[in-house]
Structures are given as structure tokens and as C-alpha cells.
Amino acid sequence: MSFDYCGPKSRLGEKINCITLTKDFFEKHQINSVKGNLTSNFLSFRGVPIQYMNQVHGKNYEFISSRSLTPIENVDALFCTKSNLALAALSADCLPIALCKSDGSKFSVIHAGWKGLVSGVIESSLSAFANSNENLHAWIGPSISKENYEVGEDLFDAFIKKDKSSLASFTKKDSNKWFFDLRGEAERILRGFKIKVQTCDVCTYESKSLYSYRKHKTNKRLVTIIWRNI
């Protein structure tokens, strides 16, 4: 089944919108979804300007008060309090994560692969909300599923060294291989901070409507955006 976009089943916050634009959306509107073209030419959605970031699989975030025509350098999360400005994360197996306060006053988007999760990109981004976790809602967008994400001992060791509770996100395949639940690990971290979480269960590796770098080595990307209406 094809679909132009997906998003949380219930609104994350007051006046907050959040969606992931899919391969079907870009093909339907004849938009070149190669990463470089998106950040240079796909600059608004439904009249709302889009702010991108130059994702580096780290943990840094940036406060955004106005849109820059170029991606914000060396960050994997954006944070905003302004209306009518969309924050964007690009992905093709990694996690796009949207966060916001229930009143819609503050919102954020995170790009998180395994390196970002290990480095603490979620924890770092939460610090921008000034310890108001009890009022936060999150949506984890489409990503690669556990069944299609085989990893090695180095990745396993990195997570267990950071937090032994990460063991719950791994299923052993053989002596030095595991299947890793990327979105399950992100959800575990978020719920540990008492954040209400919604999770998309569509797999980028399996869905024909999504892009998967692991499957196709593609340089095309999905776009996940979050914004607040005026």
C-alpha cells in the first residue's frame, strides 16, 4: 500500500503538526528527493518554511529563532519556540524523532542513528526543554526494524557500556552478531524520562513507500517535519 505521508495518531501538542513525507509524496509531486536537492530546493511545505540541519550522527542541538537558507552545521537536533517554522530531519533507516510540550510552546526534531543514541542525542535534546519532561510528547517516525538490522559486537558493546538496560533491545543471532531494535531503544530511553511516546511501526527496509540506505545505498531521503500553526 502506498502512502504520501505518515504521522502520530494523536496530536503531540496544541497546534503542533508532525509528519514524515515519503517516497510516494516526492514522486507524486515530481520532487527530487536526493539529500542535497531537498536542502537546497524543497524549502517549504504548505507555505511553512523548512529549517534543515547538516546531520553528523552526534548529540549537539541548536536553538532556532528564524529560518536559515542553509542547513545548520554539525547538529542532529533542532529546537524552536516560534510558530510557522518547520524543523526537519532527513532519514533513510535512522530515526526521526519529534518532541514537543503538550501546550505546543516548545518543540524539537531529532535525527538518531545508533551512533547518536550511544552519544546521547536524546538526552542532550531533552535538556533544551528545561526539565519539563512530564509535559513532553514524542513521536518516533519510520525507521529500519529489528528484523532487518543486523549488527556486530562493537555496536552491542557500545550500548551495553553506556547502559546495561540496552540489552533488552538486542536479540542474539550468533556468537558475534545481533539484531538491534533501534526504535525500541529510542522508546526505552524516552520512556525512562517519563515521556509519552507514539511509535511508527513501518519499516524503511520493507516498505516500498520509504527509502532504506541499508537496502539500496540510496542518497534519497525521507523528510520528517514538525511545526506549530500560528
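Okay, let's start with aromatic pairs: rings of Phe, Tyr and Trp (its six-membered ring) pair if their centres lie within 6.5 Å, with planes under 30 degrees apart called stacked, over 60 edge-to-face, and the rest tilted. Before I use that, a caveat: this is a predicted model, where local features need pLDDT of at least 70 and side-chain atom pairs count only at pLDDT 80 or more, while totals for chains, interfaces and linings use all residues. Residues are numbered from 1 along each chain as its sequence is written, and side-chain values use heavy atoms, with hydrogens and water left out.

So, searching the whole structure turns up 14 aromatic pairs. Take Phe26 and Phe42: the ring centres sit 5.7 Å apart and the planes are at 85 degrees, so we call that pair edge-to-face. Phe26 belongs to helix H1 (residues 23-28) and Phe42 to the loop between helix H2 (35-41) and strand E3 (44-45), so this pair ties together parts 16 residues apart in sequence. Helices here are DSSP runs of H or I with at least four residues, strands are E runs of at least two, and both are numbered from the N terminus.

Now the sheets. Two strands pair if DSSP finds at least two bridges between them. E1 runs antiparallel to strand E2 (residues 16-21), joined by two bridges, and Cys6 stands opposite Thr20 in E2.

There's another open sheet of six strands, also mixed, ordered E5-E6-E9-E8-E10-E14. Strands E5 (61-64) and E14 (196-199) are at its edges with a single partner strand each, so one side of each has no neighbour in the sheet. E5 runs parallel to strand E6 (residues 77-80) through four bridges, and Tyr61 stands opposite Ala77 in E6.

Last stop, the largest pocket. On a 1 Å grid over the protein atoms alone, a pocket is an open set of points where a 1.4 Å probe fits, with protein on both sides within 12 Å along at least five of seven lines; lining residues have an atom within 4 Å of a point. Which residues lie nearest its centre? His57, Ala92, Asp93, Cys94 and Tyr213, out of 22 lining residues. Elements giving two or more residues to that lining include strand E7 (86-91) and helix H7 (213-216).
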